Amino acid sequence: MLSRGKHRNPSKGACFMEFASYLAGERWSDHPSCTHPLLAGLARLVNDHTSDAARPRLAELIPAVIGLTGDDLRIDAQIALRSATTALPVVAHERQLAMAVSILSAEHVLAELDGRPAGSIRDSSREALEQVPDAMRWALAFRRGVRISAKGFRRYAAPNTVQLAVRGIAQACVLDPNPLLRHLLAKAIEDCTALTGVPAQAEAAFEPGRWEEACRLTTR
């Protein structure tokens with residue numbers, strides 16, 4: 001049912017987000033309005049970097065992204081943070097440096113939004129960074145004195161983090177990156193669900209029978 005890239009119509013195939021657009025009753029698109037732009041971007045990247053054999057396992061996550069959207073910058077920061085912390089232990093050294101900086105940047109944004117002291121880092125992020133002490137020290141030195149605006153984080157830093165994380169996982173020296181890519185997308189969906197309050201697995205967001213119709217249209 002799912003394949004890489006963008007498709008003109010269902011008869012040509014479908015990627016993760018195109019399937020979601022159909023289920024949500026929107027115009028056929030890999031950028032539907034039913035899903036937060038950064039979460040949709042993560043889904044497209046995971047879809048395209050997952051092997052053909054493993055990609056069908058992503059399909060069961062599609063209903064859960066429908067309705068997950070909002071303007072809260074915490075969503076962008078949490079997706080970026082989840083991507084960076086997931087990728088950090090497995091990616092190549094040069095990407096570890098970028099992921100460590102991304103963790104600190106996302107934590108900075110979240111600290112400001114949550115009213116925490118500047119420079120504070122949550123335990124889960126600190127534990128992730130401590131797995132790569134050299135990258136952590138470099139990132140702390142690099143981030144010192146560097147400020148990023150909310151607009152800049154949303155527009156540039158967060159999308160770049162997600163892209164580097166997914167590509168880094170896909171190219172990592174692990175036996176099979178597919179389960180980790182799926183895990184990243186699933187956990188990001190859980191994070192967005194918690195932040196938006198939208199129920200997980202929002203089957204009620206689309207008409208009964210639409211899933212079967214989408215499968216019929218995209219099966220070649």
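**Salt bridges and pockets**

Modeller: A salt bridge joins the side chains of Asp-114 and Arg-74, at 2.9 Å from N to O. The model is a predicted one, in which local features need pLDDT of at least 70 and side-chain atom pairs count only at pLDDT 80 or more, while totals for chains, interfaces and linings use all residues. Residues are numbered from 1 along each chain as its sequence is written, and side-chain values use heavy atoms, with hydrogens and water left out.

Colleague: Why is Asp-114 called partly exposed?

Modeller: Buried means under 20% relative accessible area, exposed over 50%, and partly exposed in between, with a 1.4 Å probe and protein chains only. Asp-114 has 41% relative accessibility and therefore counts as partly exposed. Arg-74, with a relative accessible area of 25%, is also partly exposed.

Colleague: How do you know that Arg-4 and Asp-52 link distant parts of the chain?

Modeller: Their side chains form a salt bridge at 3.1 Å, N to O. Arg-4 lies in the segment before helix H1 (16-23) and Asp-52 in the loop between H2 and helix H3 (62-65), 48 residues apart. Arg-4 is partly exposed at 42%, whereas Asp-52 counts as exposed because its relative accessibility is 54%.

Colleague: What makes Lys-187 and Glu-190 a pair about one turn of the helix apart?

Modeller: Both residues lie in helix H9 (residues 178-196), with a spacing of 3 residues. Lys-187 is partly exposed at 24%, and Glu-190 is partly exposed at 45%. Elsewhere, salt bridges that share partners join Arg-4, Asp-52 and Arg-55 into one network. The structure holds 12 salt bridges.

Colleague: What makes a space a pocket?

Modeller: On a 1 Å grid over the protein atoms alone, a pocket is an open set of points with protein on both sides within 12 Å along at least five of seven lines, whereas in a cavity a 1.4 Å probe fits but cannot get out; lining residues have an atom within 4 Å of a point. The largest pocket holds about 250 Å³ of space. Helix H5 (93-114) and helix H7 (133-143) each give two or more residues to its lining, and H5 has the largest share, 3 residues.

Colleague: How many nonpolar, polar and charged residues line the largest pocket?

Modeller: The lining has 5 nonpolar, 3 polar and 4 charged residues. Ala, Val, Leu, Ile, Met, Phe, Trp, Tyr, Cys and Pro count as nonpolar, Asp, Glu, Lys and Arg as charged, and the others, Gly among them, as polar. Gly-119, one of the lining residues, is therefore polar under this scheme.

Colleague: Which helix gives the most to the lining of the second largest pocket?

Modeller: H2 does, with 6 residues. The second largest pocket has about 170 Å³ of space.

Methods:
Grid points are joined across faces, edges and corners, and a volume is the space filled by probe spheres set on the points. Helices (H or I, at least four residues) and strands (E, at least two) are DSSP runs, numbered from the N terminus. A salt bridge is a side-chain nitrogen of Lys or Arg within 4 Å of a carboxyl oxygen of Asp or Glu.
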